[in-house]
Amino acid sequence: MTSNSTAVTLKTCEQAMLAFLTLLWLRLTVCTADTTPPVLQIEDTQPFIFHALVTVRLNENGFVSCAALETATSYTPSISQMKTGTGLDGYDSASAVANTYYNLVVAVLSPATLYDLYCYAEDSFVNGFTLSQIAATRQVIATASGGDYVAPVFSYLPPNFVVESTAVTVYVQLNEDGTVWCVAREDTGSGTITPTSAEILLNTNVAAWATTTVQASQNYQSSMRLAGLSEGTTYDLYCFAQDAAGNYIDGTPALASDPSKISATRLPFQTLSIFIPSTLIVTAPGPLQYPVKPAAWNTFLPACTGDPLPGERCERDAESWQKAPQYPNHKLISLDSHPSDGCFGYLPPAAPGGGPFVLLLRRGKCAFAQKARRARSAGYDALLVVDQQPVQYLSTLPDMIADSDDNPGIPSWILGKTDGNALLSMLASYTGGYVTLDITDAYRMPALGIYQSDIFGQRVYMKQ
């Protein structure tokens, strides 16, 4: 035998052996293929008024379903019924991933009724439960009873909302007595995800939250204020509501939850950017800058105090009101420890000459206008009031006002408590005895109604 014939014979034997092994592998594969249905675990069953919530899990990929039949006329449903949902009083199904929990909502059922609950499972090899295995899953459940099963109707009330720099006021209404919750979620540019009812009710994963009650005595209308937002920021508003009978707008607890009812309440808005109408700059020592809020009567005063800059005059004509009021090189004199906060008793006067002077007093014990009048009578050219609130009311400094027929005659400003204490601490440690200030009313704040808003924020008018 030649070497060539030997090689051909060996190659033929190798091919035959490979074919044999392939056939053997195929036979073994067929013999060991999955022929058993999956293991179904019913973790929990919760009956409600109009549905039952069934939590299930399979040990392998496949299909799972659960169905309900009234106990009075119950029978074990067929495999076809369990796969298609036909001829059943309630049904739900899901394509299942192995070892993953699924909530099946078996709906729509009748209240206060006994039902037999059955479940079916089938794996990806189409190995499904037999009729006897379906029968073995039977559970008897009783749906809840109740009177009012109708969800309330929620809507926004024009103007829907009023934005501020760090808050938004929302106007809402229901068609019956109930409670409304609203939240804000920040939109960073890619939209927001609709919060769940639990996130709204529990104030979780949201930027702001508020709630209010709705009653017939108020024509089923109400409002709420969501505070703590960031200025100049885009948000989405979402609301959730419940009536007095316990029905939520998403259909629960009587029906399966309809998340679209929450997403339908989405209302985009953008908070205002705060334009600080006045700034106070400590020039010596300094520079240090603080935001201050001008008194409402500053609008009716000329653009300067005391002696103006060299070569200028303190105008008292109409042109003065068209300028940005500037008060440079004012000396701050502090009487923060005055026993009556400047309201009563002796008020040490400003030193003659060498001004102009700004008097610093703490808030309290009398009206802002009274402090300003007494400061003016004592020879001071302006007044700076330090707020006493550690957390500013409604997240803003108050707007100091006088009576309609009362103009104290000197410009005044209010400074936040934290900034005021820092300024007082610096003044106490400064060897010069006083600090020099430049104050600018960069913008004339227009008069608005109380709690109305514009680019300067919300007006919170207070007399003291």
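The following legends describe close-up views of a predicted model.

**View A. Surroundings of Asn127 in a loop.** Asn127 lies in the loop that connects strand 6 (114-123) and helix 3 (131-136). Its relative accessible area is 12%, and Asn127 is therefore classed as buried. The Asn127 side chain makes a polar contact with the backbone oxygen of Asp34 at 2.9 Å. When neighbours within four places in sequence are set aside, the contacts of Asn127 are Asp34, Thr35, Thr36, Pro37, Pro38, Ala121 and Glu122.

View B. Strand 8 and strand 9 (residues 167-174) run antiparallel and are joined by six bridges. Tyr156 has Val172, in strand 9, as its bridge partner.

**View C. The disulfide of Cys66 and Cys119.** The model holds three disulfides, one of which joins Cys66 to Cys119 with an S to S distance of 2.1 Å. The torsion about this S-S bond is about 100°, so the disulfide of Cys66 and Cys119 is right-handed. Distant parts of the chain are linked here: Cys66 belongs to strand 3 (residues 62-70) and Cys119 to strand 6, and the two are 53 residues apart. Cys66 has a relative accessibility of 0% and so counts as buried. Cys119 is likewise buried, at a relative accessible area of 1%.

**View D. The disulfide of Cys182 and Cys239.** The S to S distance between Cys182 and Cys239 is 2.0 Å, and the link is right-handed, with 105° about the S-S bond. Because Cys182 lies in strand 10 (residues 178-186) and Cys239 in strand 13 (residues 234-243), the pair ties together parts that are 57 residues apart in sequence. Both Cys182 and Cys239 are buried.

**View E. The disulfide of Cys343 and Cys366.** The sulfur atoms of Cys343 and Cys366 are 2.0 Å apart and form a disulfide. This link of Cys343 and Cys366 is left-handed, with -80° about the S-S bond. The two cysteines connect distant parts of the chain, 23 residues apart: Cys343 is in the loop between strand 17 (326-334) and strand 18 (357-362), and Cys366 is in the loop between strand 18 and helix 6 (368-377). Cys343 counts as buried at 2% relative accessibility, and Cys366 is buried with a relative accessible area of 5%.

Methods. Residues numbered from 1 in each chain as written. Predicted model: local features only at pLDDT ≥ 70, side-chain atom pairs only at ≥ 80, totals over all residues. Heavy atoms only, no water. Helix = DSSP H or I, 4+ residues; strand = E, 2+ residues; numbered from the N terminus. Buried < 20%, exposed > 50% of the residue type's maximum accessible area, 1.4 Å probe, protein only. Polar contact = N/O pair within 3.5 Å; in protein donor to acceptor, adjacent residues only side chain to side chain. Contact = heavy atoms within 4.5 Å. Pairing = 2+ DSSP bridges. Disulfide = S-S within 2.5 Å.
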